[in-house]
Amino acid sequence: MIAEALRRLELGQVPVATPTGRLVGASGLLLESTGCPLRTGQRCQIELGDGQWIDAQAVGFKNDISYLMPFKHTDGLATGARVLPVPDRGLLRIGSSWLGRIVNGLGEPIDGLGRLGGEHTLDPRPPKVNPLKKQPVHERLDVGVRAINGLLTLGRGQRVGLMAGSGVGKSVLLGLITRQTVADVVVVGLIGERGREVREFIDLSLGLAGLARSVVVCAPADESPLMRLRATELCHSVAAHFRDQGQHVLLLVDSLTRYAMARREVALALGEPPATRGYPPSVFGLLPQLVESAGNGEHPQGSMSAIYTVLAEGDDQQDPVVDTARAILDGHIVLSRELAERGHYPAIDIAQSISRCAALVAPREQQQAARAFKAMVARHAQVRELLPLGAYVPGADPATDQAVQRYPQMEAFLHQGTHEPAPMATVEQQLMELMA
């Protein structure tokens with residue numbers, strides 16, 4: 001009787017028929033399919049002319065037409081090609097074996113080191129955390145950068161943006177932070193950047209020791225916009241998993257602007273009208289959803305700090321993506337092209353930068369010294385152009401005189417080599433001595 005019941009159960013699980021759709025259109029990034037209803041977000045496979053299959057995802061529909069977008073660029077599509085829905089394959093499996101590995105936006109390893117697995121399931125979509133259950137930011141985060149540790153102190157669980165134009169040193173500063181930050185796990189999302197920089201970041205910025213505690217999710221500029229979106233979301237999911245395991249996690253995303261651009265490509269392909277500088281309105285609604293999945297969770301010991309690079313096109317700090325990131329993040333660090341052209345690295349403009357969590361984590365004496373430091377830098381900037389001309393006459397303002405006298409030491413404090421360590425305790429002592 002039991003064997004007969006099992007046999008009937010197995011037969012009942014065999015599908016009577018396989019629903020099949022047909023490809024009826026291909027325009028730019030979008031493919032059109034009919035004959036098989038697909039849910040938005042559902043995976044499917046499309047047959048190529050040579051008999052191979054490619055993966056795609058349903059991103060929209062209209063009447064009986066489903067709009068699909070492939071994960072990878074491809075040629076060989078033909079009208080009438082078969083479209084097969086892919087049943088839910090289950091969630092990814094993740095564990096400590098992911099550390100030291102490099103994957104794409106689908107969680108597939110691309111480092112040639114074999115398959116990935118683990119004892120836990122991983123939803124590739126970023127998790128949502130009840131804001132009332134999030135652990136507060138109450139502990140300093142040592143990123144190993146003197147200007148940040150001393151003047152723009154960050155906290156564990158804080159989300160901050162590195163904002164600058166192209167070629168000002170965002171990636172170099174990100175590499176310095178990657179090597180020096182005190183964290184159990186580092187999750188790196190290389191989204192939409194040059195393919196050459198992927199290997200350089202892994203070899204030069206991470207190194208063997210850094211890679212051993214890291215997970216790298218890679219989707220360079222030549223990947224499809226859908227793959228870039230999935231890679232950005234996956235790195236947030238991976239970081240959240242280790243955070244919820246009670247570990248201190250640092251999430252680095254380079255860059256948030258490329259994620260917004262990928263969202264723009266998908267939205268425009270679906271027919272959404274462009275608004276601010278060509279960005280559809282939905283882009284600015286989805287950015288907060290992504291960022292809010294970062295930060296601390298419910299676990300009392302785990303933390304998830306996030307640093308995003310944000311490209312300011314044309315060095316415009318009022319760029320819509322920059323402006324949105326500035327509003328939704330817990331602080332921003334602005335890199336100045338003028339400082340970079342003077343050979344000042346890292347080119348952090350402390351006057352335009354702010355950490356909204358510094359008052360929560362930094363000691364009061366350090367906060368007072370940081371405010372005095374910024375005030376002196378601002379006073380020196382007022383007379384900077386007069387000094388080479390000999391037009392500045394000391395004695396009129398004692399505070400300005402003090403700023404001019406101390407500026408060489410202050411500028412030396414802000415300079416830092418790419419492999420120069422700057423631990424938090426040492427930086428705090430140097431700042432207090434400088435402002436004494």
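**Reading the terms**

Modeller: I start with a helix pair in this predicted model. Helices α12 and α13 pack with their axes 11 Å apart, at an angle of about 170°.

Colleague: What makes α12 roughly antiparallel to α13?

Modeller: The angle is about 170°. Angles over 145 degrees count as roughly antiparallel, so α12 is roughly antiparallel to α13.

Colleague: Which residues of α12 and α13 meet?

Modeller: Arg406, Gln409, Met410 and Phe413 in α12 meet Val427, Gln430, Leu431 and Leu434 in α13. By class, the contact of α12 with α13 has five nonpolar residues, two polar and one charged.

Colleague: Which residues of α13 are buried?

Modeller: In α13, residues 424-434, the buried ones are Met424, Val427, Leu431 and Leu434.

Colleague: Why are the buried residues of α13 said to line one face of the helix?

Modeller: Seen down the axis of α13, the buried residues fall within an arc of 95°, so they line one face. The face turned away from the buried side of α13 carries Ala425 and Glu433, which are exposed. The cover over the buried residues of α13 includes β10 (140-141), α2 (146-151), α11 (364-383) and α12 (398-414).

Colleague: What about α5 and α6: why are they called oblique to each other?

Modeller: Helix α5 (residues 225-244) and helix α6 (residues 256-269) pack at an angle of about 135°, and their axes are 9 Å apart. Roughly parallel needs an angle under 35 degrees, roughly antiparallel one over 145, and roughly perpendicular one from 65 to 115; the rest count as oblique. The pair α5 and α6 is therefore oblique.

Colleague: Is the crossing of α5 and α6 left-handed or right-handed?

Modeller: The crossing of α5 past α6 is left-handed. On the α5 side, Pro225, Arg228, Leu229, Thr232 and Glu233 meet Arg258, Tyr259, Ala262, Arg263, Glu265 and Val266 of α6. The contact of α5 with α6 divides into five nonpolar, one polar and five charged residues.

Colleague: Why is helix α3 called largely enclosed by the rest of the structure?

Modeller: Helix α3 covers residues 170-180, and eight of its 11 residues are buried, so α3 is largely enclosed. The buried residues of α3 are Lys170, Leu173, Leu174, Gly175, Leu176, Ile177, Thr178 and Gln180. Among the elements that cover them are α2, β12 (159-164), β13 (185-191), α4 (195-212), β15 and β16 (303-311).

Colleague: How do you know that Leu335 is buried?

Modeller: Leu335 has a relative accessible area of 5%. Buried means under 20%, so Leu335 is buried. Leu335 is in the loop between β17 (331-334) and α9.

Colleague: What is Leu335 in contact with?

Modeller: Apart from neighbours within four places in sequence, Leu335 is in contact with Met163, Ala164, Val168, Gly169, Lys170, Leu173, Ala347 and Ile348. Leu335 and Leu173 are 162 residues apart along the chain, and their C-alpha atoms are separated by 9.7 Å.

Colleague: Is Asn63 buried or exposed, and how do you know?

Modeller: The relative accessible area of Asn63 is 74%. Exposed means over 50%, so Asn63 is exposed. Asn63 is in the loop between β4 (53-62) and β5 (65-70). Although Asn63 is not a glycine, its phi is positive, about 55°. Arg277, also not a glycine, has a positive phi of about 50°; Arg277 is in the loop between α6 and α7 (281-292).

Colleague: Where is the cis peptide bond with omega near 10°?

Modeller: That cis bond runs from Asp254 to Ser255. Ser255 is in the loop between β15 (248-254) and α6. Another cis peptide bond joins Tyr345 and Pro346, with omega about -5°. Pro346 is in the loop between α9 (337-341) and β18 (354-355).

Colleague: How many helices and strands does the chain have, to finish?

Modeller: The chain has 13 helices and 18 strands. Of its 436 residues, 51% are buried. The C-alpha trace spans about 95 × 50 × 40 Å along its principal axes. Among contacts between residues at least 6 apart in sequence, 71% join residues at least 24 apart.

Methods:
Residues numbered from 1 in each chain as written. Predicted model: local features only at pLDDT ≥ 70, side-chain atom pairs only at ≥ 80, totals over all residues. Heavy atoms only, no water. Axes fitted to C-alpha atoms, helices over the stretch in contact; angles between N-to-C directions. Helix = DSSP H or I, 4+ residues; strand = E, 2+ residues; numbered from the N terminus. Left-handed = near helix turned anticlockwise from the far one by under 90°. Contact = heavy atoms within 4.5 Å. Nonpolar A, V, L, I, M, F, W, Y, C, P; charged D, E, K, R; others polar. Buried < 20%, exposed > 50% of the residue type's maximum accessible area, 1.4 Å probe, protein only. Arc of directions from axis to C-beta.
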